[in-house]
Amino acid sequence: MRDNRRLMEWGKNALILLLTLSAGVLLSMTPLARDSGLGELLRPRPAQTGTSGGGSPSGPVLPARLAVYREGGRFGLQYDDNRMEEVFAAFVPLLGDALAGAGEPSPLPEAQWRDCLRRRGAYFDFAGEIPLAALARWLGGGACPLEGSARRVALVAGEGDAVSLCWENPEGGGGFTCPTALSRSLHLDPAVDAVSPNGAYFAFEDEGLSRLLDPLTLITEGDPAAGLYSVAAPLSTAAGTEALLDALSFNSQNHAPGSNGEVYLDGADRLVIRDGSTVTYRAAQEGKYPVENTNGSVSAAQAAQGTRALAERAMAPLCGEARLYLLSVRPEGEGWRVRFGFLLGGSSVYLYDEGWAAEFLVRDGCVTGFTLRLRQYAALGENALLLPIRKAAAMLPDLTRERRELVIQYRDGGGSAVSPGWEAV
């Protein structure tokens, strides 16, 4: 009898489990569940392919500037990372899905690109040039069919209920646009309507500033606020050096002093640390830092993905309140040269004489060399006094010839502190 009761209990449990699974499958097929993203939670995840050292970037990429246009005005945001994370969160899935589901692109002349920015939608400036396929992955959108890179991207209302994806050609002279699978009423409008206009505008919308500045300089109302930061060399301490070596898979015991700094060995590979800040690596053998590739060939997006994972793992824990952003991916012989910079509160840091914080060389499916400039930033709790952008532009007459963008930037030449200032870039 006891065995029969046990069999009946097992049968009941199995029936409950079967009914629960059936209900979940049926629920995932409803329009409400599809639009809510439940299907993504129920769908099996593909196995992750290897990136540099097996790591992956931490979280989605964050723009340096954002603008949302709706009837009645524009909302603009820059130089405030905390607020940017909050506002951008609503657009992350939309932009990721738009990139992954992008249709056939067509040219977008400069005048039409500006017209797009006056249509209901959202504009994002990522400060550096990101391969579109990499941007799609970093935003959780999956594989992207688009080629090329972009710094500025926009989602704008199209005809009827359509949403178009627009991006600027990094070489200038306009950009491209393509249809997306997004619905204006279901996806774009709710995100746009959740943001209230705050009087922001672009330089091309102001007759006076349009003669002085790059047309896409974003102007936000109110006095600009940018903090003061102290700076330290994170590798001047044993703990900082140990953390870096662990992140880069080097053993601190395999160490020897060198004429140009402290040398760490992994077989024939050499990692050199000097001045408590600068790290150089040159591969003598392949395979220590593999990069995802397709049949042995590495695309610009794959180079960006792999090096970003390595940079985040090695540098992010040591750079204090700065965050990394991708500056550029450029062909280098049969490989790629990838550069990253620092942002402080959404403002770029121009480091030493070249500006960048990290540079990677990618070839034959691996990172074959890199230079890291590690700096650790801590907020001092004070803001610098800066001129409003109109007055700053008026004091830079050389802009009238080139119409460059005017932004708040930090200059770090190796000192113990940095302060912000207006820079024409």
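This is a predicted model: local features need pLDDT of at least 70, side-chain atom pairs count only at pLDDT 80 or more; totals for chains, interfaces and linings use all residues.
Strand β1, which spans residues 65-70, has two antiparallel partners in the model. On one side of the description stands strand β4 (residues 121-131), joined to β1 by 5 bridges in an antiparallel arrangement, with Val68 placed opposite Ala122 of β4. The other partner is strand β2 (residues 73-78), which also runs antiparallel to β1 and is joined to it by 6 bridges; in this pairing Arg70 stands opposite Gly73. Strands β1 and β2 form a hairpin with 2 residues between them, and Gly72, which lies in the turn, adopts a positive phi of about 110°.

Positive phi values also occur at residues other than glycine. Tyr79, with a phi near 60°, is located in the loop between β2 and α4 (81-88), and its relative accessibility of 14% falls under the 20% limit, so that Tyr79 counts as buried. Asn295, whose phi is about 55°, is likewise a loop residue, placed between β14 (278-282) and α11 (300-315); because its relative accessibility is 81%, however, Asn295 counts as exposed.

The structure holds 30 salt bridges. One of these connects Glu205 with Arg74, the closest N and O atoms being 2.7 Å apart. The pair links distant parts of the chain, since Glu205 belongs to the loop between β8 (201-202) and α9 (207-210) whereas Arg74 lies in strand β2, 131 residues apart. The two partners are placed in separate accessibility classes: Glu205, at 30% relative accessibility, counts as partly exposed, while Arg74, at 4%, counts as buried.

A further salt bridge is formed by Arg152 and Glu168, with 2.8 Å between the closest N and O atoms. Arg152 lies in strand β5 (residues 149-157) and Glu168 in strand β6 (residues 162-168), and the pair therefore ties together parts that are 16 residues apart in sequence. Both Arg152 and Glu168 are buried. In another salt bridge the side chains of Arg337 and Glu359 meet at an N to O distance of 2.9 Å; as Arg337 belongs to strand β16 (residues 335-344) and Glu359 to strand β18 (residues 358-363), this pair ties together parts that are 22 residues apart in sequence. Glu359 is buried, with a relative accessible area of 12%. Finally, salt bridges that share partners join Arg65, Asp125, Arg151, Arg152, Glu168 and Glu405 into one network.

Definitions and conventions:
Residues are numbered from 1 along each chain as its sequence is written. Side-chain values use heavy atoms; hydrogens and water are left out. Two strands pair if DSSP finds at least two bridges between them. Helices (H or I, at least four residues) and strands (E, at least two) are DSSP runs, numbered from the N terminus. Buried means under 20% relative accessible area, exposed over 50%, partly exposed in between (1.4 Å probe, protein chains only). A salt bridge is a side-chain nitrogen of Lys or Arg within 4 Å of a carboxyl oxygen of Asp or Glu.
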